[in-house]
Amino acid sequence: ESVGNAPKFDVVSAQRDVTQAETEVVSACSQESLALATLKNVTGIDQSAQFNLRQLGEQPPSALAETPDGGGYKLMVANALKYRLEILESKAVVAALKHGVRYARRSAQPSLNAMLGYIYQPNNGAFTLQRSASASLTLSIPIFDGGLARSRITEAAADLAAAETNYQSVVDQVNLEVQTALVNLAQSKQQINLAEAGFTQAKEAYRLAQERYAVGVSQSSVVSPLLELSNAQAALSHASANRVNALIDFNLARAVMDHAIGLFSHENKN
């Protein structure tokens with residue numbers, strides 16, 4: 001274009017092709033990140049663990065390397081673990097069952113009870129003391145309880161193990177949701193760039209169609225100038241709608257991300 005060998009439309013089209021290629025790269029990296037997150041979740045490996053898949057050759061840069069808003073992935077996960085209600089619920093259940101295990105163990109241990117008493121009878125009889133005191137000390141050793149204490153301990157420990165397993169499952173699920181929301185947000189942001197490039201291309205095509213229509217010619221000999229102008233206008237409207245839809249998808253992806261990291265929780269609002 002700078003030396004006069006190509007129109008501006010060719011430059012705009014090339015820019016759109018570059019944006020399309022960048023979108024495909026982001027999509028591929030996002031699929032890789034989600035596949036690794038799913039693999040870690042299925043195999044029970046922590047989401048922060050790093051994989052070295054040598055059999056796949058050199059890995060492309062992960063879509064999670066940099067978040068759209070400049071924050072770190074670990075910070076997002078930490079925020080989710082702090083504010084997500086299901087995480088807080090699971091932690092509360094684990095804490096309560098830990099107390100249950102301690103209580104069950106205490107029921108199997110010897111107990112020592114001490115009691116002090118003081119009685120005052122102003123209307124005492126002839127053979128009754130007006131003031132009297134008493135003290136007692138009782139030691140209980142559960143020896144013959146039919147295995148009840150041991151069963152209580154076993155049951156409490158089993159409940160605690162189930163609660164801890166459920167907590168880890170919830171943590172893994174939250175990690176996966178954060179990663180999914182993050183890559184979807186990156187994809188939706190790239191879709192905005194693609195929609196903007198498509199809109200710029202359609203706008204330039206419509207301008208060229210207007211110029212040709214003004215002089216009574218068209219780009220193709222089999223298409224009338226009016227039909228070419230109508231098609232260009234329709235393409236411009238479609239590109240404008242795509243741009244609006246891309247912005248909507250980005251805002252929805254942002255809302256999903258906010259939910260994933262716990263920004264909608266009641267505690268975080270306070």
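Visitor: Which residue forms a salt bridge with E196, and how far apart are the closest N and O atoms?
Guide: R243 does, with the closest N and O atoms 3.6 Å apart. A salt bridge needs a side-chain nitrogen of Lys or Arg within 4 Å of a carboxyl oxygen of Asp or Glu, so this pair counts. E196 lies in helix α4 and R243 in helix α5 (residues 225–260), so the pair ties together parts 47 residues apart in sequence.

Visitor: What kind of model is this?
Guide: The model is predicted: local features need pLDDT of at least 70, side-chain atom pairs count only at pLDDT 80 or more, and totals for chains, interfaces and linings use all residues. Residues are numbered from 1 along each chain as its sequence is written, and side-chain values use heavy atoms, leaving out hydrogens and water.

Visitor: Why is E196 called partly exposed?
Guide: Its relative accessibility is 31%. Buried means under 20% relative accessible area and exposed over 50%, with partly exposed in between (1.4 Å probe, protein chains only). R243 gets that label too, at 25%.

Visitor: What makes R84 and E177 a salt bridge?
Guide: Their side chains meet at 2.7 Å, N to O. R84 lies in the loop between α2 and α3, and E177 in helix α4 (residues 148–215), so the pair ties together parts 93 residues apart in sequence. R84 counts as buried, at 4% relative accessibility. E177 is partly exposed, at 26%.

Visitor: How do you know that E204 and R207 are separated by about one helical turn?
Guide: They are three residues apart in helix α4. E204 counts as buried at 6% relative accessibility, while R207 counts as partly exposed at 37%.

Visitor: Why are α2 and α3 called oblique to each other?
Guide: Helix α2 (residues 73–83) and helix α3 (residues 85–107) pack at about 60°, with their axes 5 Å apart. Under 35 degrees is roughly parallel, over 145 roughly antiparallel, 65 to 115 roughly perpendicular and the rest oblique, so this pair is oblique. A80, L81, K82 and Y83 of α2 make the contact with L85, I87 and L88 of α3. Contact means heavy atoms within 4.5 Å.

Visitor: What makes up the nonpolar surface patch of about 760 Å²?
Guide: L112, L137, L139, I141, I143 and F144 do. Such patches take residues with over 30% relative accessible area and no salt bridge, with nonpolar side chains (Val, Leu, Ile, Met, Phe, Trp, Tyr) joined within 5 Å and like charges within 9 Å. L139 has a relative accessible area of 56%, so this residue is exposed. L139 is found in strand β2 (residues 131–140).

Visitor: How many helices and strands are there in the chain?
Guide: Six helices and two strands. From the N terminus on, they run α-α-α-β-β-α-α-α. Helices (H or I, at least four residues) and strands (E, at least two) are DSSP runs.

Visitor: What share of the 270 residues in the chain is buried?
Guide: Buried residues make up 26%. The accessible surface comes to about 17800 Å², and 56% of that belongs to carbon and sulfur atoms. Among contacts between residues at least 6 apart in sequence, 73% join residues at least 24 apart.

Notes:
Accessible areas come from the Shrake-Rupley method with a 1.4 Å probe; for residues, only the protein chains shown count as cover. Axes are lines fitted to C-alpha atoms, for helices over the stretch in contact, and angles run from 0 to 180 degrees between N-to-C directions.
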